[in-house]
Amino acid sequence: MKLHADQIEGVNVVSGYAPGVVKVNGQEHLHAVLVPWNGEVLDWQADDAATLTAEHFQRVADLKPEVVIYGSGDRIRFPSGALLKPLMSQRIGIETMDSGAACRTYNVLAGEGRSVVLALLVPPAR
């Protein structure tokens, strides 16, 4: 028996993830991305957790989600509160997890019809 996950039309879905690459709707991305629940997947232009700024999270806040799933790379790296001010000032929730878990969590929330953004760092392949 083949099982197929239900997909809501027009909702972005992470269709694969491995170090060095994330696939969204079947398209490969080799760098950090912002994946809103609908609309265009955006380059995030972040190299790693250490180089993030408040401006990176302002781009996320500008998408107006109710929650952000932040994939911090191959391990959990929590951003400082100062970086999250753009989200906090708009009362947007954020959850931090490693990038693999973030992809899975994003898919669940997007599949439920939630207005969620995946802010994903893609660690390089080893």
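Reply: Start with a definition: a residue is buried when its relative accessible area is under 20%, and exposed when that area is over 50%. One caution comes with everything below: this is a predicted model.

Now the sheet. It is open and has five strands, in the order β5-β4-β8-β6-β7, with mixed pairing. Strands of a sheet pair through backbone hydrogen bonds, either parallel or antiparallel. β5 (42-43) and β7 stand at the edges. Each has a single partner strand, so one side of each is left without a neighbour in the sheet.

Take the pairs one by one. β4 and β5 run antiparallel, joined by two bridges. In that pair, valine 33 has aspartate 43 in β5 as its bridge partner. The two strands form a hairpin, with five residues between them. Glycine 39 sits in the turn and has a positive phi of about 95°.

β4 also runs antiparallel to β8, and four bridges join them. Here valine 33 stands opposite leucine 120 in β8. β8 and β6 are parallel, paired over five bridges. Valine 68 faces valine 117 of β8.

Next, what covers the sheet? α3 packs on it, touching β4, β6, β7 and β8. The direction of α3 makes about 165° with that of β8. Look at β4 as well: both of its faces are covered. Val33 and Val35 lie on one side, Leu34 and Pro36 on the other, and all four are buried.

Leaving aside neighbours within four places in sequence, leucine 118 is in contact with Val14, Val33, Leu34, Val35, Ile69, Ala102, Cys103 and Tyr106.

Now follow tryptophan 44. The structure holds three aromatic pairs. In one of them, the ring centres of tryptophan 44 and phenylalanine 57 are 5.7 Å apart. Their planes are at 85°, so the pair is edge-to-face. Tryptophan 44 is in the loop between β5 and α1, while phenylalanine 57 is in helix α1, 13 residues apart. Both residues are buried.

Phenylalanine 57 has another ring partner, tyrosine 70. Their centres are 5.7 Å apart and their planes are at 75°, so this pair is edge-to-face too. Tyrosine 70 lies in strand β6 and phenylalanine 57 in helix α1, so the pair ties together parts that are 13 residues apart in sequence. Why do phenylalanine 57 and tyrosine 70 count as buried? Phenylalanine 57 is at 0% relative accessibility, and so is tyrosine 70. Trp44, Phe57 and Tyr70 form one aromatic cluster.

Threonine 96 is buried, with a relative accessible area of 14%. Beyond its neighbours within four places in sequence, threonine 96 is in contact with Tyr70, Ser72, Ile76, Arg77, Phe78 and Pro79.

Definitions and conventions
Residues are numbered from 1 along each chain as its sequence is written. This is a predicted model: local features need pLDDT of at least 70, side-chain atom pairs count only at pLDDT 80 or more; totals for chains, interfaces and linings use all residues. Side-chain values use heavy atoms; hydrogens and water are left out. Contact means heavy atoms within 4.5 Å. Buried means under 20% relative accessible area, exposed over 50%, partly exposed in between (1.4 Å probe, protein chains only). Two strands pair if DSSP finds at least two bridges between them. Axes are lines fitted to C-alpha atoms, for helices over the stretch in contact, and angles run from 0 to 180 degrees between N-to-C directions. Rings of Phe, Tyr and Trp (its six-membered ring) pair if their centres lie within 6.5 Å; planes under 30 degrees apart count as stacked, over 60 as edge-to-face and the rest as tilted.
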